[in-house]
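Here are some friendly notes to read alongside the model. Take the points one at a time and look up each residue as you go.

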Amino acid sequence: MYKISELAEKVGLSRTALLYYEKLKLITGRRLENGYRVYSELDLQRVRLIQQLHLGGLTLKECKVCLESKIDKALVKQRLKALDEEIEQKQQSRILLAAIVGEGDLKSWHERLDKLAPDAHLDWLKTQGFSDKEALQLKWLSKDMNDHDVYMQDFMKVFQTLERWGPGSEDDTKHALSLIPTSPSSILEIGCGKGLATNVLAKFSQAQITAIDNEQPALDRLAKRFEEKGLSARLELCCTNMADLPYSNESFDLIWSEGSAYIIGIEKALMLWKPILKKQGYLMMSDLVWKTNSPSEVSTEFWSHEYPDIQTVQTRIKQIEKAGYQVIANFPQSKGAWLNYYGPLRERLNELESEMVNSTAFKDMKNEINICTEFADEFGYHMFILAKI
């Protein structure tokens, strides 16, 4: 026989827990003449059996049923399913926590979070010590905050010698500018890069141009380009975040954005940039769109990671009109604009392959070239000329 304190010590439970067991009639104690409650060897073994059943996820009341009748297999299967789901959830939790401390891949987690809560994701990255620029680069390029520095170092090594950082051509820029109904006197170019489009805007307009980018080396190259042409007086440069522009309302006749609005999201860009356009102002932006309503599985899979918000032209136009703009013209970017970017990029990667073959950034760029060459008929950039309503 065991006193309640002795039984509690043997099974590792508290006196209160054993009294609750007795209340549920899982065990049966009896009181001696001296007032002590005692329990039998069978009570001890029943508690140990209950503990094993309890470890399987059964409640104490369900354990009682199992002790008094045949096991309800349907109930056990239900508990087994719940346990499997809990194990899967905890495994995912472990994978995430391990990745955060550098013991795994964070890419899929960053991609999933960016789809569910893009603004909160960016804010959280900043609280982890990343600047506005780094947070955006992490979102679109490295997608892993543990390897971000190495990834960006390799990425910039590839691009530092390239003039174009995205698809484009002088003819496309010139044509888009010709579709603006009035001659602008002030242009804000957002995401100017090294200034290839900026040069066209200066050549075919008399406007004062403000060019912004978050890469200072690119702005330095642009400044040198305009200095060589004697156009520095018409250019103002600003290294800033396109989501937080330091300009007052109705500052510009024309906003120009070739292949950059996607960085903060097309719909967000339409909303944020509209106030700084003058009442009769215009916005030209280009964006990657589907050319087909039934893209291949390969293309769909690729862009689901690289640009989840890719849309058809028709969908983009609906979003544009909803944001308070009128589409006055639109046209697909030329094949030459595509080749102007991917041709030199391929050559640059071939040049660096021997020394960068193990680089994640290098592999990502190589894969992008293969996809964007083989399936170029399924997607491409589209130019939209918009009037502020």
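1. Let's begin with helix α5, residues 73-100. At 1.5 Å a residue, its 28 residues should span 40 Å, and the end C-alpha atoms are 40 Å apart, so the two values agree. The expected span is 1.5 Å times one less than the number of residues. Helices (H or I, at least four residues) and strands (E, at least two) are DSSP runs, numbered from the N terminus.

2. A word on the source. This is a predicted model, in which local features need pLDDT of at least 70 and side-chain atom pairs count only at pLDDT 80 or more, while totals for chains, interfaces and linings use all residues. Residues are numbered from 1 along each chain as its sequence is written, and side-chain values use heavy atoms, with hydrogens and water left out.

3. Which residues of α5 are buried? They are Leu75, Ala98 and Ala99. Buried means under 20% relative accessible area, exposed means over 50%, and partly exposed is in between (1.4 Å probe, protein chains only). The cover over the buried residues of α5 includes α4 (60-68).

4. Three strands form an open sheet in the order β1-β3-β2, with antiparallel pairing. Its edge strands, β1 (2-3) and β2 (30-31), each pair on one side only. Two strands pair if DSSP finds at least two bridges between them; β2 and β3 (residues 37-39) are joined by two.

5. Now a parallel pairing. Strand β4 (residues 186-190) runs parallel to β5, with five bridges between them, and Leu188 stands opposite Thr210 in β5. Of the six residues in β5 (residues 208-213), five are buried, so to speak mostly covered.6. What about the nonpolar cores? A nonpolar core is a set of buried Ala, Val, Leu, Ile, Met, Phe, Trp, Tyr and Cys residues joined through side-chain atoms within 4.5 Å. The largest has 56 residues, and those with the most contacts inside it are Leu188, Trp273, Trp303, Leu345 and Phe379. Helix α16 (residues 335-356) gives the largest share of this core, seven residues. A second, separate core of 24 residues includes Ala202, Leu222, Phe226 and Leu254.

6. Leaving aside neighbours within four places in sequence, Leu188 is in contact (heavy atoms within 4.5 Å) with residues including Thr210, Ile212, Tyr247 and Trp256.

7. How many aromatic pairs does the structure hold? There are 15. Rings of Phe, Tyr and Trp (its six-membered ring) pair if their centres lie within 6.5 Å; planes under 30 degrees apart count as stacked, over 60 as edge-to-face and the rest as tilted. Tyr262 and Tyr307 are edge-to-face, because their ring centres are 5.7 Å apart and their planes meet at 65°. This pair links distant parts of the chain, 45 residues apart: Tyr262 is in the loop between β7 (252-258) and α13 (266-273), and Tyr307 is in the loop between α14 (297-306) and β9 (311-312). Tyr262 has 25% relative accessibility and counts as partly exposed, whereas Tyr307, at 4%, counts as buried.

8. Tyr341 and Tyr342 form another edge-to-face pair, with 4.6 Å centre to centre and 70° between the planes. Both Tyr341 and Tyr342 are buried. They belong to one aromatic cluster whose members include Phe155, Trp165, Trp290, Trp338 and Tyr381.

9. Lastly, charges over rings. A charge sits over a ring if NZ of Lys or CZ of Arg is within 6 Å of the ring centre and within 35 degrees of the ring normal. The charged end of Lys3 sits over Tyr36, 4.5 Å from the ring centre, and Lys274 lies over the face of Tyr325 at 5.6 Å.
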